[in-house]
Structures are given as structure tokens and as C-alpha cells.
Amino acid sequence: MNIEDEGPKYGEPRKYDPNFRGPIQNRGCTDIICCIFFILAIVGYVAVGIVAWSQGDPRKVIYPTDSMGQFCGQVGTPLEKKPFLFYFNILKCASPVVLVEFQCPTTQLCVEECPTRSMTLVQAKAPGGDWSYYKKFCKDVSDTETVPNILAKRLCPAMLIASKPFTRRCFPALGLKGDEVTVGNKTTFNDGQSDRKASDLLPAVKNATIVMETRLVVMKIFEDFAHSWYWIVTGLVIATVLSLIFIVLLRFLAGIMVWVMIVLVILVIGYGIFHCSMEYVNLKNAPGSNVTLKELGFQMDLTVYLHIRQTWLAFIIILAIVEVVIILLLIFLRNRIRIAIALIKEASKAIGHVMSSLFYPLFTFALLAVVIAYWAITAVFLSTSNEPIYKIFNMGNKECIYANQTCNPENYSRSDMKLDCPESQCLFAFYGGESHYHKYLIFLQFYNVFLFFWCANFVIALGQMTLAGAFASYYWAFNKPRDMPTCPVFASLGRALRYHTGTLAFGALILAIVQIIRVLLEYLDHKLKGAQNKFAKFLLCCLKCCFWCLEKFIKFINRNAYIMVAIYGKNFCTSARDAFFLLMRNVIRVAVLDKVTDFLLFLGKLLIVGIVGIISFFFFSGRTKGLDVVPNLHYYWVPIMTIALGSYLIAHGFFSVYGMCVDTLFLCFCEDLERNDGSAERPYLMPDSLLKILNKNNNKAKVAD
């Protein structure tokens, strides 16, 4: 491809400028309007947070709520020593209303403990009955009240069933005796009127627990975090040390380390295939191991899947495909890898002169942590800022025309609705509200998510522009490091914040809009999962794919635009156009150099995650003999996945410095080829290693003369 032929189509190549010495110091503010909008949006975001914190109450997601909307077990309240929620008639939970209202249509009471014995109210009130025990599960009731009066006033349940706590709620202690369902070791129970089979309780328990099951898993995961957090921190420290060692070695032994990294990645994936194959063979004769994943379905306990042969077969296939793809890429890219290694060597030299750049990701992580924490806390307070809503539940067999209507528990007993439906009760249903604030709560949640994306993208963009300015000052320095600024990272950060806050906000805004559209498409996809319209599903799938590609393209354009802004100080649109045209004028070099380098750096991340992941797996799964310090966990995959994800983020943080350095040097390298010709008056500023690979030198013009 001839650069001259592409000139008019993709802009004119850069002209030689004897006064150009890297990032321009004399620059002005860019994209001021977007900067103003961003500041106003941040002020609005703070206002949303203040409103949410004043209205929200996180206790609603921590404590179970009784029929009067009170929190069971809340410290500092009369119910502090009553942490469990007891259902007067658990059979009512078999009603479909549970899945709609997330509330059983029966009286619910906070109690000190769940009942351990089964008995009826009649038995408890009879001579010799244990009335003092039964009273623990009643409202305020006098010892002189008769059974009919107690039931008519709904002061006590008609029966007690032996129960066990589950997510702080009392559910029947069901078991199996042979093929029969038991409750409290008995196959029948008395509901206050007649004996019934224990199996009659299954629909009620199933409906009630379906809402709590996910919450239980989350609680178990939090418990696992509480028991293993120090080992997780240790794993992340190991990942940090490995990343630092790798970066330091890459600084001095770039060529050797790249090839060592390639070999180690192949060996680590190869070991993964070997280990999965051994697990697959060992499960050959294990009972139940030949069940298919389709037959097993979705299970909350992910460790169940590790006892299925098909799971390990899937791991083998995935790892084998990854191994083959990496080997084929290395075979076809073997010549281009030499050029990429030269670029990595130059990046290592640049980082060696700008060592503070290695620690800049910590600043980015800190800012992102603040953004994520603010978003999460605001989301929790917004979701818990509703008011308790009470609805009429019909407790009898006679139809009630007011069922499911809202009510006020304070005066319901004297209302006309109670007179028309004497067997109904006004009970707590859920949290909601009818005020203007509650009507627009969904928009506040949307604003919270959108500002989260905008702020997170702004922080990432700030890091990219800061590093780009620092590395560009290295490349364009004629005498390195004498012509470089004293503190290139701080100087670049100051320029970015002082002059280009609006530009950073503009690029982050474009990306945030695309990301929020992707979130809405995922929401629609979730809502349409049960739909039978295949065309709608196909259209939605196409839209998701298109916006995924668009997001990747915008990230690519933004990244290179920030590099041009850091160098020339122009606005976002001009810089994005200049960067795009420069890359298109050097499109072959983009494929040869930049993307191959990205692939090699990705292998480095993969290597660190693989090493730390394997160590974590053997430790938490208890396969390391002689270690008695392994914590007892519900799900040992929780710390393993946390460490693997954290290791990738840590490795990405360190390698992102290399990635940004390579991208910056690559754009500077392309401009160097356009600005200079290797003559004594216009020498190339690229290193001799790249000059040699590209068959260029700085004496060519002089020799010709």
C-alpha cells in the first residue's frame, strides 16, 4: 500500500517541524461545554446520593420483616432478641400469591427460636399441656383466653410444626423415612382440625424458599469470604509480586522473557488439559458421574458439577481449543513476533525512564474503587428507600372483594373493609410507595447506573491520557533522558486535568451511552426469554452483537484519540480523526506490530492468572497434603474465582502500562516515519533495533549525497 496514494483519502501525512519536541506545552482548554455538563452531572449525582441516603434503609435487606413491618433481630429495638420469623400457618405459603407479592398470606411473628416440637393449640391449652412454651409463638395473649377466642382474634397459630431456621425464617424440618416425607420424625401432623400428611407441607415450603434460596447462597458466599479473606489477600499479594517480578525481568530481559512466557503459557494450559483428563478418568466408575449437564440442570452449589464427567470433558475441549489456537498463532506470527519483541524492548526502556508509571495503576484502582463504592452504596439505599406497603389478605374460604388492596393496619380493625371481610387481615406485603419520589425511583436508579459508567470511563480515560503524555515525552526526546520532564507522569496528569477534563468527559460520555444501551438490551433479553417470537429474539441478538462491536471500536478510537490529545492538545473530535487517519495510513503496520504486541502481553496476563489459579485450586480444594490451615468453606470455588479475577485485574493493571506505552510509542513511531526521513537534518527518533528490522537507518540520505 502506497502512503502517497492514501494521502487524500486518509488525510495528509505529517510534515517535518523542526520545533516539534513532543507533547506541546502551550495549549488551551478543550471541549469546555462537555466539561460543564460533566460537572453538573457530578453535582446531580451527589444530590441523588444524598436523597438516597436520607430515604434509604439497608436494614430492609438484612433483617426479615414481620406482619407489622418491624425488623426481626434488629439491635437496639424490642425485637433484638427475636431474630427469627415465624409463620402462623405455613400451608398458606403454598398460595401462588407468594411468587407475586413475595409474602405469605398469613400472620408472621418475630420469635426467639423456631419451634422444635409439633403440637396444636387445643393440646397446649388442655390440662397438662405446655401452654408456656406455646405462648412464645403467640401475640400478647391472656392465659384466661379460650381457644375459640384466641383463634377468632388470630392471636396464636392453630398448630406448631417442628421447624428449623432457614435465612432467619422458620420452615418445617422435613425429612425422609424410606420413601415417605416426615416432619419432626413423623409422617403426619395435626393442623388443628385433623391429621394431615407431612408431604402436604412440600408445596408451601417450596414456594416460600424459592424466594429465599438465592439469598441463602449469597449469605453462604459472604460467609466464605469472611472465613477466607486473609487467604484471598495472600493470593492477590502473590499475584502482585509475580506481576512485579515479571515486569522487572521484562525491563532487562525482554526478548528472553517473551519466549519464556510463551513456553510457560503452553505448559500451564497443557497441565490443565492433563489434570482435567485425570479427573475425567477417575470419575469413570463413580456413581452418578455419567449424568449429563442437561439432566442435572442449574444447581446453586457449583461443586456438584465437579462430580460429573461431562464437566471435565468440557474443560478438556475448551483448554485444547485454546492451546491449539495459541500454537497456530505462534506458528503463523513467528516472524512478526521479532518486531513485536523489539517494540516491547523499547517500551521496557521507556518504562525504565518513567518508573513512576508502574505505580500509576494504583491511583486508577483507588479512583475506580471510590466510583464503584459510591455507585453500590447509592444503589442499595435507592432500592431500600421505599415505604412499607400493607395489603388485605383473605384468611378464610369466603371470597373477599378487597383482597390485595392496600390498607392501614392502625385502623383496619375498625374499617368497613374489615366488616365486609371479617376473616381478612391487613398485613405487611412489600416495600413500595406512591409519592413523586417513589414514582421516579426507577429513573434515579437509571441515573445512578449511567453516571457510574460515565465516571468509571472518565477515570480510565484519565489514566490513558496521563500515561500517553509521559511516554510521548520519552519518545520525542532527542537526548534521553536529558530532554525529558523531571516528573513526566505528574506533568502529564496536570495537563490532562487542567486542559482536557472536557475531552476526557466527552470520550467517556460516548462510551457510557453505548454501554447503557447494552445494559438495556440485556434487560430486554432477560424479559423476552420466555417469549416465543423467534424474530424478536434474532433481532435482539443482532443488536447485542452490533453494540458489542461498537463498544470495542469506540474504546479503540478513544484510546488513540487520548494519545493524540496528550501530544497535540486538540479537542476530542479532531484528535480522534487524526489518530484514525494516521492508523489507516499505516494499517499494515497496525496489524503487524500493535496487535501482535497486544497478543503477547495478553499471554503474560494469562500466565500469571494460570499460575496463581492452579496454586489456589490445590490449596482451597484440600488437595495439598500436610496443610491443616485450609478454611472450611461452603463453596471452595468462591475464593478461587475471586483470586483468579483479582489476579487478572492486577496483572492487567501492570500490563496496561506496557500496553499504553506500546500504543503510544506505536503512534509516535508512525508519525516519526512521516515527519522524518533519516537524514542528518531529519533523523528518525526510533531505536536502532526497530530501524534495523524496518531496513531504515539515520545515514541513508547523507550517504546518497
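## Lys135 and its partner

Lys135 is partly exposed, at a relative accessible area of 30%; on this scale buried means under 20% relative accessible area, exposed over 50%, and partly exposed in between (1.4 Å probe, protein chains only). The side chain of Lys135 meets that of Asp143 in a salt bridge, with an N to O distance of 3.1 Å. Here a salt bridge is a side-chain nitrogen of Lys or Arg within 4 Å of a carboxyl oxygen of Asp or Glu. Asp143 counts as partly exposed, with 47% relative accessibility.

## Basis of the values

The structure is a predicted model, in which local features need pLDDT of at least 70 and side-chain atom pairs count only at pLDDT 80 or more, while totals for chains, interfaces and linings use all residues. Residues are numbered from 1 along each chain as its sequence is written, and side-chain values use heavy atoms, with hydrogens and water left out.

## Other salt bridges

Under the stated criterion, eight salt bridges are counted. One of them joins Glu113 to Lys136, with the closest N and O atoms 3.9 Å apart. This pair links distant parts of the chain, 23 residues apart: Glu113 lies in the loop between strand S2 (108-111) and strand S3 (119-120), and Lys136 in the loop between helix H6 (131-134) and helix H7 (147-152). Helices (H or I, at least four residues) and strands (E, at least two) are DSSP runs, numbered from the N terminus. Glu113 is partly exposed at 35% relative accessibility, and Lys136 is partly exposed at 46%.

Asp578 and Arg577 also form a salt bridge through their side chains, at 3.3 Å from N to O. Asp578 is buried, with a relative accessible area of 16%, whereas Arg577 is partly exposed at 44%.

## Nonpolar cores

A nonpolar core is a set of buried Ala, Val, Leu, Ile, Met, Phe, Trp, Tyr and Cys residues joined through side-chain atoms within 4.5 Å. The largest such core comprises 118 residues, and Trp454 and Leu600 have the most contacts inside it. Helix H16 (residues 441-475) supplies the largest share of this core, 19 residues.

Leaving aside residues up to four places away in sequence, Trp454 touches Phe37, Phe38, Ala41, Ala505, Ala508, Leu509 and Ala512, where contact means heavy atoms within 4.5 Å. A second, separate core has 20 residues, among them Cys114, Ala124, Tyr134 and Ile150.
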